[in-house]
Amino acid sequence: MRRSIRRLMRRREVLAGGAVAALAGCAGPQADCGPGAGDTQQFRWKLVTTWPPNFPGLGTGVQRMAEMIDAASGGRLKIKVYAAGELVPPFEVFDTVSSGTAEMGHGSAYYWKGKAEAAQFFTSIPFGMTSMEMNGWMYHGGALELYRELYDSFNLIPFPAGNTGVQMGGWFNRPIDSLADLQGLKMRIPGLGGEVLKRAGGTPVNLPGAEIFTALQTGSIDATEWIGPYNDVAFGLHKAARYYYYPGWQEPGPVLECIVNAEAFATLPEDLQNIVRLACSATNDQMTAEFVARNAQSLTQLRSDGDVELRPFPADVLKQLREITAEVVQELVDRDPVAARIYESFSAYRETVADWSAISERAMLNTRPG
Ligand code: CA
């Protein structure tokens, strides 16, 4: 049965022009496309991203993933990476992969809240979990199953494929001493963090990365969060605003996602499917490691920049933002039964992992001199 399904899939794929029957085994009228023939087929896929071309950590990490898949498959699965705007605009990545115009995509689930509000939970919840805790929830806490279920109706298969770690709170053109200072603040901040800012009296804007610097420099926004020192310096945000706040309450451990068109994935032989899975998993690790190392280097650079003031958010501001977050999340859960299911899983896992994190990571960090 399995053999005939594979044969059918390969036939459909050849008819659709999605694969090249590279060697004679599968090419002639008498071709035998049975088991074993799959290892001669070449697949050429497109991968669209929400990131600027070769953007440090994100664009480069995706390119590395494509090269990893090429090498691991012996050149049988070749993936051409398109940066934001090269094939489609950044916020069309989801639709482009859903429709099969491109077979793969890389971005963040919270960009797609217009498709499914609950998707935001799979990126990050403000004041939620760190990258390690999110990985635990994804791989061992039931999140990945819920993530796949949510994306199934869009003809997509999601894979965690990167995590920036704790982000920075962002760049502001004025000090934030109290919640009142957020009144009227126009800030680039996507996802649930943006909803929280709105409730606090600000105006959230969702801009793709490439548009942030100009928007901040020209004053069309008053503040922005992006990622952390590594990527913020790459955009030159330190030249467009003075105050750099921490911590990134809005994104404590955001998951980056790779999405694959479900039909395209089904056309791959099993070994290539496994290579895609493993490459996403390896990318998840490698991007996360890169962000830790490079953020640290860029922070050193920023500390020596006399024009940048690095500041913690006042405790009272964080406390109030946390209270608003609870309201925003509760309202989402109340109006969306899918979000309610996902949040139930998130909350149950968070409760248990917080207990462990407190006596492991937090306790250990507190023993260090700096
Ligand atoms: Ca961010």
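The model is predicted, so local features are given only at pLDDT of at least 70 and side-chain atom pairs only at pLDDT 80 or more, while totals for chains, interfaces and linings use all residues. Residues are numbered from 1 along each chain as its sequence is written, and side-chain values use heavy atoms, with hydrogens and water left out.

**Overall make-up**
- The protein has 12 helices and 12 strands, which are DSSP runs (H or I, at least four residues, for helices; E, at least two, for strands) numbered from the N terminus.
- Of the 370 residues, 52% are buried, where buried means under 20% relative accessible area with a 1.4 Å probe, protein chains only.

**Aromatic pairs**
- The structure contains 24 aromatic pairs, meaning rings of Phe, Tyr and Trp (its six-membered ring) with centres within 6.5 Å, counted as stacked with planes under 30 degrees apart, as edge-to-face over 60 and as tilted for the rest.
- Phe94 and Tyr151 are an edge-to-face pair, at 5.6 Å centre to centre and 80° between the planes.
- Because Phe94 lies in helix H3 (residues 93–99) and Tyr151 in helix H5 (residues 143–152), this pair ties together parts 57 residues apart in sequence.
- Phe94 is buried at 2% relative accessibility, and Tyr151 is buried at 1%.
- Tyr245 and Phe313 form a stacked pair, because their ring centres are 4.9 Å apart and their planes at 20°.

**Charges over rings**
- Lys80 has its charged end over the ring of Tyr82, 5.1 Å from the centre, a charge being over a ring if NZ of Lys or CZ of Arg is within 6 Å of the ring centre and within 35 degrees of the ring normal.

Notes. Buried < 20%, exposed > 50% of the residue type's maximum accessible area, 1.4 Å probe, protein only.
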